[in-house]
Every structure is written in structure tokens, then in C-alpha cells.
Amino acid sequence: MKELLRTTDPTEIAFATALLKGEGIEVFPVDVHMSVLEGGVGVLPRRLLIADRDLFMARAVLTDNGFDLPEVRG
């Protein structure tokens with residue numbers, strides 16, 4: 001599993017998830033329930049994880065739709 005996206009904006013997570021699922025790419029959102037701990041302030045980032053085999057395609061889908069993704073590490 002690789003981290004594809006990290007953001008504090010829940011709308012970006014929802015949009016990215018919809019785009020990826022539309023392309024048949026399985027998405028694993030993590031840290032989505034952290035808002036309970038932070039009180040809904042939105043300071044803790046949520047992440048999307050992708051299977052290693054889907055990383056290239058997932059990055060292409062999101063960058064084609066205006067997401068600014070960090071460089072791939074390791």
C-alpha cells in the first residue's frame with residue numbers, strides 16, 4: 001500500500017475517491033474518523049492509500065483532474 005493523497009479537506013478525499021472508483025481503482029481511506037478526536041476542527045489530515053500496482057494509474061487520474069500530488073517517495 002502506498003499513500004496517494006493526504007489532505008485536511010474532506011471534499012478532496014470524497015472527490016478523489018469517486019474519481020478513482022470510477023476508474024475501477026480500489027481506494028483505502030484512513031484517518032477518516034480522526035475528526036472525533038480533533039473536535040471537527042479539520043487540522044488532522046486524512047489519507048488515501050492505494051495498492052502498489054494501482055499507484056501509477058491513480059496518480060495519473062488525480063493529476064489529470066487538477067490534484068497537486070507530491071513526488072513519489074521510495
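Where is Asp54 found? Asp54 sits in the loop between E3 and H3, where helices (H or I, at least four residues) and strands (E, at least two) are DSSP runs numbered from the N terminus. The model is predicted, so local features need pLDDT of at least 70 and side-chain atom pairs count only at pLDDT 80 or more, while totals for chains, interfaces and linings use all residues. Residues are numbered from 1 along each chain as its sequence is written, and side-chain values use heavy atoms, with hydrogens and water left out.

**Asp54**

- Asp54 is buried yet has no salt bridge; buried means under 20% relative accessible area, exposed over 50%, and partly exposed in between (1.4 Å probe, protein chains only).
- A salt bridge is a side-chain nitrogen of Lys or Arg within 4 Å of a carboxyl oxygen of Asp or Glu.
- The nearest side chain of opposite charge to Asp54 is Arg53, 4.1 Å away; Lys and Arg count as positive, Asp and Glu as negative, and His and the chain ends are not counted.
- Leaving aside neighbours within four places in sequence, Asp54 is in contact with Ile25 and Glu26, contact being heavy atoms within 4.5 Å.

**Helix H3**

- Helix H3 covers residues 55-64, and its residues Leu55, Ala58, Arg59, Val61 and Leu62 are buried.
- Seen down the axis of H3, these buried residues fall within an arc of 160°, so they line one face of the helix; the arc is that of the directions from the helix axis to the C-beta atoms.
- Phe56 and Asp64, on the other side of H3, are exposed.
- The cover over the buried residues of H3 includes strand E1 (2-7), helix H1 (10-22) and strand E3 (46-50).
- Gly66 follows H3 and has a positive phi, near 90°.

**Leu62**

- Leu62, in helix H3, has a relative accessible area of 0% and is therefore buried.
- Residues up to four places away in sequence not counted, Leu62 touches Leu4, Ala16, Leu19, Leu20, Phe67 and Leu69.
- From C-alpha to C-alpha, Leu62 and Leu5 are 9.4 Å apart in space, and they are 57 residues apart in sequence.

**The aromatic pair**

- One aromatic pair is found in a search of the whole structure.
- Phe15 and Phe67 form this pair, which is stacked, at 5.7 Å centre to centre and 25° between the planes.
- Rings of Phe, Tyr and Trp (its six-membered ring) pair if their centres lie within 6.5 Å; planes under 30 degrees apart count as stacked, over 60 as edge-to-face and the rest as tilted.
- The pair links distant parts of the chain, with Phe15 in helix H1 and Phe67 in the segment after H3, 52 residues apart.
- Phe15 is partly exposed, at 40% relative accessible area, whereas Phe67, at 11%, counts as buried.
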